[in-house]
Amino acid sequence: MKYDVIIVGAGLAGLTAACELIDANKNVLIVDQEPANSIGGQAFWSFGGLFLVDSPEQRRLGIKDSKELAWQDWLGTAGFDRLDDEDKWGYQWAKAYVDFAAGEKYQWLKSLGIKFFPVVGWAERGGSLAGGHGNSVPRFHIVWGTGPGLVEPFAKKVEQAVEVGKIQYKPRHKVDELLTTNGSVVGIRGKILEESSIQRGQESSRVEISDFEYYGDAVIVASGGIGANLELVRENWPTRLGTPPKSMVSGVPAYVDGSMLKISANTGARIVNRDRMWHYTEGLKNWNPIWKNHGIRILPGPSSMWFDALGNRFNAPNFPGFDTLSTLEAIQKTGYEYSWFILTEKIIEKEFALSGSEQNPDLTNKSIKQILKRVLPGPPVPVQAFKDHGEDFIIADSLKDLVDGMNRLAGNELIDFIKIKDQILARDREMDNKFTKDLQVMAIQSARNYVGDKLIRVAKPHKLLAPENGPLIAVRLNILTRKTLGGLQTNLNGQVLNEAGEPIQGLFAAGEVSGFGGGGVHGYRSLEGTFVGGCLFTGRQVGKYLSK
């Protein structure tokens, strides 16, 4: 059977492309190696944060944003330095994406019924100069319904089209080969896997029961990145970030294995920026895991003190929520694969959030009643559950007991009580005035000038060692794998390029497998809210092009 378009991957990028093709009455086939209940892929598990520029939500909060400021921030963050080669198309995709985020993106999403939480988050705050890394203003718009709410309109449209026979969706179809004729991609070949009754996110069977082969005028690869393939992560690990960690927790399910990158390369597709990746430094071992080695990221406010494994406080810009990649580099260069937050009960109840749809049931379930409970004393219910059950948390009434607990958990004696005490006391003395020389304290005070942070995100500055602010809390932080910043190099139509920079006829890519556009739209660093947004944009662009 021959199709107009075959889409490999039923994640957000593939679904977005399919929706454009449905509108154009194209004959489409979607295949995915996972069961049907995994439709939406990794986006379903996301917090649903989207990068938007000069939105109504920003304006209501008094945030003055512009396309020019956003592009300044993007360039300062990305650090494109391969413009004649690997960054050539990533740069062009980045320019187009910022135009999209400052233009039609908001109204397009609204037209699909997507709404946003009214408080805009401030992710990746930078901590350097105006032209350097980070968001100058809050831009992280949380979808009302988080990841599932974002996936819903696209999945629903695809499922309705399947019901009426407009397109075909075949789960449990694992692609092993792209079929070519005279250098053009003309179809796919692979294995049908046995049925699997696992819950979404759990690792599914790889038992093969039969073969398949389908042909199409175009094939879109929308299969995601490499985040769950820890060996591939280590293989591509850049020396600038130190030695690859021997121990990491996985922020994505097992199916995020990068297999389609190699399969595409076998047809001559060019993979660029392999050494660029986005892994988080604030990972927790999930006490209630869904997939193997399941990690959860803390979305921290700016007030926790951050120490390396030896008990040394990190310097600017390595404060919580400021510069993920700089902090990852600093951690890895210590020779240890973990670090520590030290904070108080007052900080955790206001500043700790956990990434992921399942860790934010109030937002995911669109419950205003549950949302209002966030202003009550105590941390959110999922955070409290990690306090109660998570192996990475130490809680104590005295700093000496806290340090002893940290050393027991780490299985060593690396943390010296006096050294930690002196550093915290030095920071606490800066609380006596409204002015300070401590850059982190300055940042806390600056953050509270933004009404969104002051209301629900940043605790009032206080002394950590004052008994009334206790108990004290220490959190061991693990490296958490997540996103692939490089990938298949594509032009602005989503056509995959070969080593000579020429389009491979019939082969397209969208989403994370293409570095969210061009083989690396983010350069070295992300501004956050740009991953699911990149899946939407690349899927939409490819779908529109192939609809013509």
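A residue is called buried when its relative accessible area is under 20%. By that criterion, buried residues make up 61% of the 548 residues in the protein. The model is a predicted one.

**Overall fold**

- The protein contains 18 helices and 20 strands.
- Its radius of gyration is 23 Å, close to the 24 Å that the globule rule gives for 548 residues, so the protein is as compact as a globular protein of that length.
- The C-alpha trace spans about 70 × 50 × 45 Å along its principal axes.
- Among contacts with a separation of 6 or more, 77% are accounted for by residues 24 or more positions apart.

- Strand β14 covers residues 338-344, and it is largely enclosed by the rest of the structure because seven of its seven residues are buried.
- In a regular strand, side chains alternate between the two faces of the sheet.
- Both faces of β14 are covered: Tyr 338, Trp 340, Ile 342 and Thr 344 are buried on one side, and Ser 339, Phe 341 and Leu 343 are buried on the other.
- Strand β13 (residues 305-308) pairs with β14 in the antiparallel sense over four bridges.
- β14 also runs antiparallel to strand β17 (residues 472-484), to which it is joined by seven bridges.
- Phe 341 takes part in both pairings: it is the bridge partner of Trp 306, and its own bridge partner in β17 is Val 475.

- β6 (173-181) and strand β7 (residues 184-193) pair in the antiparallel sense over eight bridges.
- Within this pairing, Val 175 has Gly 190 of β7 as its bridge partner.
- The hairpin of β6 and β7 has two residues between the strands, and Asn 182 takes a positive phi near 50° there.
- Leu 193 has Glu 208 as its bridge partner in β8.

**Cavity**

- There is one cavity of 30 Å³ or more, and the largest cavity has a volume of about 480 Å³.
- The largest cavity is lined by 38 residues, with Gly 9, Asp 32, Ala 222, Ser 223 and Gly 224 lying nearest its centre.
- α1 (12-23), β2, β6, α8 (259-265) and α18 (531-547) each supply at least two residues of this lining.
- The largest share of the lining, three residues, comes from β6.
- By class, the lining of the largest cavity has 18 nonpolar, 14 polar and six charged residues.

**Second largest pocket**

- The second largest pocket has a volume of about 370 Å³.
- It is lined by 21 residues, of which Arg 125, Gly 126, Gly 127, Ser 128 and Phe 322 are the closest to its centre.
- Its lining has eleven nonpolar, nine polar and one charged residues by class.

**Trp 45**

- Trp 45 lies in the loop between β2 (28-32) and β3 (49-51).
- Trp 45 counts as buried because its relative accessibility is 8%.
- Leaving aside its neighbours within four places in sequence, Trp 45 is in contact with Arg 200, Gly 201, Pro 253, Tyr 255, Ile 290, Trp 291, Gly 356, Ser 357 and Glu 358.
- Asp 23 is 22 residues from Trp 45 along the chain, and the C-alpha atoms of the two are separated by 27 Å.

**Backbone features in loops**

- The peptide bond from Ala 316 to Pro 317 is cis, with omega near 5°; Pro 317 is found in the loop between β13 and α9 (324-332).
- The peptide bond from Gly 470 to Pro 471 is also cis, with omega near 0°; Pro 471 lies in the loop between α17 (451-456) and β17.
- Glu 124, in the loop between α5 (105-111) and β4 (140-142), has a positive phi of about 45° although it is not a glycine.
- At 2% relative accessibility, Glu 124 counts as buried.
- Asn 273, in the loop between β10 (271-272) and β11 (277-285), has a positive phi of about 55° although it is not a glycine.
- Asn 273 counts as buried, at 0% relative accessibility.

Definitions and conventions:
Residues are numbered from 1 along each chain as its sequence is written. This is a predicted model: local features need pLDDT of at least 70, side-chain atom pairs count only at pLDDT 80 or more; totals for chains, interfaces and linings use all residues. Side-chain values use heavy atoms; hydrogens and water are left out. Buried means under 20% relative accessible area, exposed over 50%, partly exposed in between (1.4 Å probe, protein chains only). Contact means heavy atoms within 4.5 Å. Two strands pair if DSSP finds at least two bridges between them. On a 1 Å grid over the protein atoms alone, a cavity is a set of points where a 1.4 Å probe fits but cannot get out, and a pocket is an open set with protein on both sides within 12 Å along at least five of seven lines; lining residues have an atom within 4 Å of a point. Grid points are joined across faces, edges and corners, and a volume is the space filled by probe spheres set on the points. Ala, Val, Leu, Ile, Met, Phe, Trp, Tyr, Cys and Pro count as nonpolar, Asp, Glu, Lys and Arg as charged, and the others, Gly among them, as polar. The radius of gyration is taken over C-alpha atoms; the globule rule is 2.2 Å times the number of residues to the power 0.38.
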